[in-house]
Amino acid sequence: MGGAPSAAAPNAAVVTRFAPSPTGYLHLGGGRTALFNWLYARANGGKFLLRIEDTDRKRSTQEAIDAILDGMDWLGLAPDEPPVYQAARAERHAEVAHAMVANGHAYRCYMTQDELTAMRAEAEAAKKPLRIRSPWRDRAPNAAPDGAPYVVRLKAPTEGATTIVDRVQGAVTVQNAELDDLVLLRSDGTPTYMLAVVVDDHDMGVTHVIRGDDHLNNAFRQLPIIRAMGWPEPVYAHIPLIHGSDGAKLSKRHGAVGIDAYRDALGILPEAMDNYLLRLGWGHGDDEIISRDQAIAWFDLSGVGKSPSRFDLKKLENLNGHYIREADDSRLATLVAARIGRPDTVDLLARAMPSMKPRAANLNALADGAAFLFATRPLAIDADAAPLLEGDAPATLGALHAALDAVHHWDTEALEDAVRRVAEERGLKLGQAAQPLRVALTGRRTSPGIFDVLALLGRDESLARIADRMAP
């Protein structure tokens, strides 16, 4: 599981990666990062890889790994190779750290916890950020106390500046004096995140690091490791984070932030989520509806904006409504049947989809709209629909029952003719006859087209439901 992948040549084709930590669900930001990496690889004829960064053994769980893999599969973002598991590569990470000590770009630091605490207190007193400059940086190794614990630290550059020409953020410069000698190996010999990421990216042949801009500072801390080993530097592209509608960083207080919640609880289709995530911070002119093939053809990092994007559930649902209208009826029927726990109803639901999906924004709406098909008699009547069965409604239903019972071919055209005749005979508009009929058949004020409802329920069930509500 997650053995050492082979390194790529410096001029290899584009290789991107998505590297989530398995401490929870696949969130919206992670889904978008995975999508951008997948699209960039596809647009450039390259490879898209997945790395599970499970070095935090206490917080990493198999359940979270499964959720990430499931979410990526649902979004259609399968990696081109089996996932790499970072924790399985600890020996390789340590090997690099020791190589850096040998080549003079890292050193063994024997600072005690008390010394670190004092250094931190001094920085706080001076109201300056803590920058670790260990006294062991330039001491001879033989000065170390025998058997004392140590960490391996990077010997970070102290003079000059480092500039990264980021494909999204542009040229960003940090003074090297701002960098500290970060820990590469802990005192127990385990690698830190900063080291592991760099080693894994190199060994996986990653050419383009596309990730959230909250990692931009990390790039300046990771570059010295890359340069110390003489490895090719990747192209960086740090994409802005997703914010809530109030402009604050997206969090649980804004509602669901996990991809699975939009699929399971809200009934969003994967193609709608892909399209929406694509448009969160990336654009192609005024295009809003973008197919997967178009996205691959058009995607480039130059289209990614520098400003955070705002998540808007209504826009997602509007987009989802479009994809529901475009979706295959049998596919929708299968999804709805699973949603209501009735796999035996796929054929009936497929026949119902043409009349149901034009008004549905999500699978929940489809499932709710199909409920009348499976209701048992006598139907429960919604409170707001009950008044439509009062007054002359029972008598009208009696006339409709007689007319419909006489229909020979139970199809929408013949059913509409029968209902129109009754309306004309009773001096009613078609809607005045259709309203009590709809309530009698579905228990609701709204439903698919009333003639579609009659056709879907069939003769016997339709007549029985009408009889339940007509005058005795």
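Which residues of helix α11 (residues 329-339) are buried? The structure is a predicted model, in which local features need pLDDT of at least 70 and side-chain atom pairs count only at pLDDT 80 or more, while totals for chains, interfaces and linings use all residues. Residues are numbered from 1 along each chain as its sequence is written, and side-chain values use heavy atoms, with hydrogens and water left out.

The protein has 18 helices and 12 strands, where helices (H or I, at least four residues) and strands (E, at least two) are DSSP runs numbered from the N terminus. Its radius of gyration, taken over C-alpha atoms, is 32 Å, well over the 23 Å that the globule rule gives for 472 residues, so the protein is more spread out than a compact globule; that rule is 2.2 Å times the number of residues to the power 0.38. Along the principal axes, the C-alpha trace spans about 105 × 45 × 40 Å.

Buried residues, meaning those under 20% relative accessible area with a 1.4 Å probe and protein chains only, make up 46% of the 472 residues. Of the contacts (heavy atoms within 4.5 Å) between residues at least 6 apart in sequence, 76% join residues at least 24 apart.

In helix α11, the buried residues are L332, A333, V336 and A337. Seen down the axis of α11, these residues fall within an arc of 135 degrees, so they line one face of the helix; the arc is that of the directions from the helix axis to the C-beta atoms. An α-helix has 3.6 residues a turn, so residues three or four places apart point the same way. The cover over the buried residues of α11 includes α10 (313-326), α12 (346-356) and α13 (363-369).

Technical notes
Buried < 20%, exposed > 50% of the residue type's maximum accessible area, 1.4 Å probe, protein only.
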